[in-house]
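Hello,

Have a look first, and then read on below.

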Amino acid sequence: MKENDYINCSGRKVLQYFPPDSLMIELPFILTKKKMLIRKMPYMLLEKKVVGDYTAAIRLIDFHEKDGIVFLDVQELLTNRTYTLSWNMEYTGDWWLWSLADFENLTSSVKHI
């Protein structure tokens, strides 16, 4: 285990850094190959809203973890708007507010329908 990896209170490794530009987030709503996220790469974002859902093509700008919260700085490709997604890695419930998927995962899901 690396010093910056994060293991939650259940003893499960949720986050693992792969310097200089990648991290693995072992959460069910990270829909990427091997749960990896890479800086500067594009992803599709799905956000659950009070009324309806929101989707956008985004690029991962940066990431970090503090006090069990993972922070993902993203930029929407269409509008260049930047903001931060965050998640408490101690949460073990079934609800999620956002999800990220890569092209490979999205296209392989379509093939199985």
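Going along the sequence, the protein chain runs β-β-β-β-β-β-β-β-β-β-α, which comes to 1 helix and 10 strands. Helices (H or I, at least four residues) and strands (E, at least two) are DSSP runs, numbered from the N terminus.

Please bear in mind that this is a predicted model, where local features need pLDDT of at least 70, side-chain atom pairs count only at pLDDT 80 or more, and totals for chains, interfaces and linings use all residues. Residues are numbered from 1 along each chain as its sequence is written, and side-chain values use heavy atoms, with hydrogens and water left out.

Six strands form an open sheet in the order 4-10-6-7-8-9, with mixed pairing; two strands pair if DSSP finds at least two bridges between them. Strand 4 (30-31) and strand 9 (82-88) are at the edges with a single partner strand each, so one side of each has no neighbour in the sheet. For strand 9, the antiparallel pairing with strand 8 (residues 69-76) covers 7 bridges, and Val-70 sits opposite Trp-87 of strand 9.

The C-alpha atoms fill a box of roughly 35 × 30 × 30 Å along the principal axes.

Best wishes
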